[in-house]
Amino acid sequence: VLTAHQIGALNARRDNLVIVPCYYGGTYEGSLPLVGAGGPLAGGDYCVVLFDMFGNGRASSPSRSHPSQAGHRFPAVTLDDNVEAQRRALHAWFGDVDIALATGWSMGGMQSYLWAALHPQRVRRLLPVCATARCWPHNRVFLDGVRSALMADPVYNGGDYQRPPEAGLKAFARVYAGWAYSQAFFRKALYKQMGFDSIEALLQYWEDDHLEQDANNLLSVLNTWQQGDISANPVWKGDFHAALKGITAPSLIMPGSSDLYFTAEDARNEAEHMSGARFQPLESDWGHCAGAPGRNPADTESILNALTKLMRGA
């Protein structure tokens, strides 16, 4: 079961559909600031569909499946599975309709890339934020680290836990927090802009947030992320550069300048193989979290400004 939220309606010309796939650890609500005041999607001119992601606890997930597929029995899910489910949902709701814009942060951006690679005749514009078209090697190593921190908790028991593996979830959160922001973020104490008076207070917030999540859900989506590659499908047959070249939509590639795992260097490498791609890093000390919609007002304003220019063809 795929879940989604629609804002606005398809117009008579059927050319105003915008899709916003979900990011890791979140739900569609987390992307709502992209449709907020100050951006081009806020005026009611667009039909915006925000998707959840398989494994996120809202759509079909280890925590909400038939007992035969619940918990550690939940099947492996790919980015392709998510995008194909989104395609089928859009077809059921609207028929075959072009997509004015595919955008999203992090894993949402990865799915947007895949949309543009698999359906170049339909996607008219692309803006992935703090994302790459595949999970590059160092990104995979980072994910192995946080996964191992969670699974080291004996309570996890290979995913067949009888109570939440709280020690593992806390360790997962603390390791992840060190990667989510940049070195400058901590050096300049930018966490104070979030209302935290110390690094420990920020880390405690991360712990509390992850204690509310299901461990198998986190690892299910992490596996989807780690295996992510827009060429890993029957269309592109593993030819990554061909898949990038197959993206014909005018694209604004916007990695975070200080992102530690979806790096600007990897994103630049990809953009160089895309026709019609403009490379415009999001200059920020907030690391990967610079791209989180609404997280830091200055960064969100930069994203919305870039989005406005892309939608206007500038």
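The model is predicted, and residues are numbered from 1 along the chain.

**Stop 1: helices 1 and 2**

Begin by selecting residues 79-94, which form helix 1, together with residues 107-118, which form helix 2. The two helices pack at an angle of about 70°, and their axes are 10 Å apart. Helix 1 is therefore roughly perpendicular to helix 2, since angles of 65 to 115 degrees are classed in this way. The crossing of helix 1 past helix 2 is right-handed.

Next, display the side chains at this contact. From helix 1, show Leu-79, Asp-80, Asn-82, Val-83, Gln-86, Arg-87 and Leu-90; they meet Met-107, Met-110, Gln-111, Leu-114, Trp-115 and Leu-118 of helix 2. Coloured by class, this contact of helix 1 with helix 2 shows eight nonpolar, three polar and two charged residues.

**Stop 2: helices 3 and 7**

Select residues 137-151 for helix 3 and residues 215-226 for helix 7. Their axes lie 10 Å apart, and the packing angle is about 165°. Helix 3 is therefore roughly antiparallel to helix 7, the class given to angles over 145 degrees. In passing helix 7, helix 3 makes a left-handed crossing.

On the helix 3 side, the contact is made by Asn-139, Arg-140, Phe-142, Leu-143, Asp-144, Val-146, Arg-147, Leu-150 and Met-151. On the helix 7 side, select Ala-215, Leu-218, Leu-219, Leu-222, Asn-223, Trp-225 and Gln-226. The classes represented in the contact of helix 3 with helix 7 are 10 nonpolar, three polar and three charged residues.

**Stop 3: helices 4 and 7**

The axes of helix 4 and helix 7 come within 11 Å and cross at roughly 40°. This angle makes helix 4 oblique to helix 7. The crossing of helix 4 and helix 7 is left-handed.

Show Leu-169, Phe-172 and Tyr-176 of helix 4, which meet Ala-215, Leu-218, Leu-219, Leu-222 and Trp-225 of helix 7. In this contact of helix 4 with helix 7 there are eight nonpolar residues, with no polar and no charged ones.

**Stop 4: the second largest pocket**

Remain at helix 7, which gives five residues to the lining of the second largest pocket, the largest share. This pocket has a volume of about 210 Å³. To centre the view, select His-72, Phe-74, Asn-216, Leu-219 and Ser-220, the closest to the pocket centre among the 16 residues that line it. Leu-219 also belongs to the contacts of helix 7 with helix 3 and with helix 4. By class, the lining of the second largest pocket has seven nonpolar, seven polar and two charged residues.

**Stop 5: the largest pocket**

Finish with the largest pocket, whose volume is about 480 Å³. Select Tyr-23, Tyr-24, Trp-206, Asp-209 and Arg-295, which lie nearest its centre among 22 lining residues. Helix 6 gives the most, with four residues. Colouring the lining of the largest pocket by class gives 12 nonpolar, eight polar and two charged residues.

Notes. This is a predicted model: local features need pLDDT of at least 70, side-chain atom pairs count only at pLDDT 80 or more; totals for chains, interfaces and linings use all residues. Side-chain values use heavy atoms; hydrogens and water are left out. Axes are lines fitted to C-alpha atoms, for helices over the stretch in contact, and angles run from 0 to 180 degrees between N-to-C directions. Angles under 35 degrees count as roughly parallel, over 145 as roughly antiparallel, 65 to 115 as roughly perpendicular and the rest as oblique. A crossing is left-handed if the near helix is turned anticlockwise from the far one by less than a right angle, and right-handed if clockwise. Contact means heavy atoms within 4.5 Å. Ala, Val, Leu, Ile, Met, Phe, Trp, Tyr, Cys and Pro count as nonpolar, Asp, Glu, Lys and Arg as charged, and the others, Gly among them, as polar. On a 1 Å grid over the protein atoms alone, a cavity is a set of points where a 1.4 Å probe fits but cannot get out, and a pocket is an open set with protein on both sides within 12 Å along at least five of seven lines; lining residues have an atom within 4 Å of a point. Grid points are joined across faces, edges and corners, and a volume is the space filled by probe spheres set on the points.
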